[in-house]
Amino acid sequence: MNIDRCVVDLSNSLENVPVSVEASSGLLTFPQFQYSPDNIQGPGCTIDPSEVTLPGCSCLSPSCFTDSCSCLQTHGQPYHSTGTLLNLSRTDSGYCSPVFECNALCTCSDACSTRVVQGGLRLRLEVYSTKNKGWAVRTLEAIPRGTFVCEYAGEVISLEEARRRQLAQRSEDNNYIIAVREHAGTGSITETFVDPAMVGNVGRFLNHSCRPNLLMQPVRVHSVVPRLALFAGRDIDALEELTFDYSGGYENQHPVELLSTQSDAAIQASRTDGLERKECHCGSTNCVQFLPLDLSIIN
């Protein structure tokens with residue numbers, strides 16, 4: 001079989017490193033979409049994700065320290081000095097720790113150890129076609145555990161728009177919409193809906209796996225609108241396919257949204273009613289046979 005590797009960069013030089021494409025001739029039609037490395041404001045979204053809405057620190061050192069940085073004192077240290085994510089595990093309750101980075105209003109340098117996701121793509125990734133899973137993404141280099149890999153970027157839309165788009169889909173269409181539900185711990189709930197179908201980045205090509213090697217973590221940088229960042233949950237070999245669990249879980253840990261109340265279950269049912277579940281082809285020994293319909297994150 002002849003393999004064609006595109007000489008053009010999928011990101012059109014919008015990323016720090018090129019995103020290559022390898023496609024088997026005539027096997028799949030490449031989707032048409034606008035590449036954007038960042039979230040953009042979509043229908044129903046009342047906040048521009050590019051607008052700086054979070055306060056900054058006044059640190060004068062190149063990198064921030066907990067004893068003097070207002071960002072770290074408020075939100076905690078999110079990363080090791082090497083830039084890898086500190087908290088890679090969910091607690092028994094299913095909660096994940098919120099992550100905030102220094103932002104455009106902070107006076108620390110771009111080399112600050114808290115500035116990771118905002119630095120953009122740093123790894124060489126490749127989009128390629130598969131036999132039974134459509135398009136997929138693999139890494140062209142080894143990735144250490146905890147390393148930021150890429151964002152799941154797209155249009156940030158409202159719940160109503162997400163529902164409208166889902167119901168308009170045909171049975172053969174892919175559902176790219178990610179619904180992130182964050183519990184602040186005080187009874188308040190924040191929901192973010194991201195759809196990379198028409199505008200998105202390399203993250204739109206990531207497949208689901210019931211035993212993934214990536215985990216999704218909402219990260220706030222300049223805006224209250226979170227970036228959906230994907231980190232390596234374990235050491236990943238070069239040429240290995242990159243996957244995450246569309247339900248929000250990781251390996252044997254529970255999905256991060258626990259539908260423990262009738263009201264939560266009703267919300268879930270209202271979102272997914274009428275949507276056809278698709279067969280999962282991840283091939284893992286713990287495969288649940290069908291793809292999840294919704295992803296939610298608890299903070």
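## A fully covered strand

Strand S10, which spans residues 178-183, is mostly covered, with six of its six residues buried. This description, like the rest of the report, refers to a predicted model. Burial applies to both faces of S10. Ile178, Val180 and Glu182 are buried on one side, and Ala179, Arg181 and His183 are buried on the other.

S10 pairs with strand S11 (residues 189-200) in the antiparallel sense, over six bridges. Within this pairing, valine 180 has threonine 192 of S11 as its bridge partner.

Glutamate 182 belongs to strand S10. Its relative accessibility is 5%, so glutamate 182 counts as buried, the limit being under 20%. The side chain of glutamate 182 makes a polar contact of 2.7 Å with the side chain of arginine 220.

## Overall composition

The protein contains three helices and 15 strands. Of its 299 residues, 52% count as buried. Among contacts with a separation of 6 or more, 70% are accounted for by residues 24 or more positions apart.

## The four-stranded open sheet

Four strands form an open sheet with mixed pairing, in the order S5-S13-S14-S8. Its edge strands are S5 (99-100) and S8 (148-151), each of which pairs on one side only. Strands in a sheet pair through backbone hydrogen bonds, in either a parallel or an antiparallel sense.

Strand S13 (residues 214-220) and strand S14 (residues 227-232) pair in the antiparallel sense, and six bridges join them. Glutamine 217 stands opposite alanine 229 in S14.

## Nonpolar cores

The largest nonpolar core has 35 residues, of which Leu125, Val127, Val149, Tyr152, Leu242 and Phe244 touch the most other members. At least two residues of this core come from each of strand S6 (125-129), strand S7 (135-139), S8, S10, S13 and S14. The strand that gives the most to this core is S14, with three residues. A second, separate core comprises twelve residues, including Tyr79, Phe148, Val219 and Val221. In soluble globular proteins, nonpolar side chains tend to be buried together.

Phenylalanine 244 is located in strand S15 (residues 243-244). With a relative accessible area of 1%, phenylalanine 244 is buried. Phenylalanine 244 and proline 212 are 32 residues apart in sequence, yet their C-alpha atoms are 4.7 Å apart in space.

## Aromatic pairs and charges over rings

The whole structure holds eight aromatic pairs. In one of them, the ring centres of tyrosine 79 and phenylalanine 231 are 6.3 Å apart and the planes are at 35°, so this pair is tilted. Tyrosine 79 lies in the loop between helix H1 (70-75) and S5, while phenylalanine 231 lies in strand S14; the pair therefore ties together parts that are 152 residues apart in sequence. Both tyrosine 79 and phenylalanine 231 are buried. The rings of phenylalanine 244 and tyrosine 246 also form a tilted pair, because their planes are at 50°, and their centres are 5.0 Å apart.

Over the ring of phenylalanine 205 sits the charged end of arginine 204, 5.0 Å from the ring centre. Arginine 138 lies over the face of tyrosine 128, at 4.1 Å from the centre of that ring.

Glutamate 241 is found in the loop between S14 and S15. Its relative accessible area is 16%, so glutamate 241 is buried under the 20% limit.

Which side chains make polar contacts with the side chain of glutamate 241? One is that of lysine 133, at 2.7 Å. Another is that of asparagine 207, at 3.2 Å. When residues up to four places away in sequence are not counted, glutamate 241 touches Tyr128, Lys133, Ala136, Val137, Arg138, Asn207 and Asn213. Tyr128 and Arg138 in this list also form the charge-over-ring arrangement described above, with arginine 138 over the face of tyrosine 128.

Methods:
Residues numbered from 1 in each chain as written. Predicted model: local features only at pLDDT ≥ 70, side-chain atom pairs only at ≥ 80, totals over all residues. Heavy atoms only, no water. Pairing = 2+ DSSP bridges. Buried < 20%, exposed > 50% of the residue type's maximum accessible area, 1.4 Å probe, protein only. Polar contact = N/O pair within 3.5 Å; in protein donor to acceptor, adjacent residues only side chain to side chain. Core = buried A, V, L, I, M, F, W, Y, C linked by side-chain atoms within 4.5 Å. Phe/Tyr/Trp six-rings, centres within 6.5 Å; stacked < 30°, edge-to-face > 60°. Lys NZ or Arg CZ within 6 Å of the ring centre and 35° of its normal. Contact = heavy atoms within 4.5 Å.
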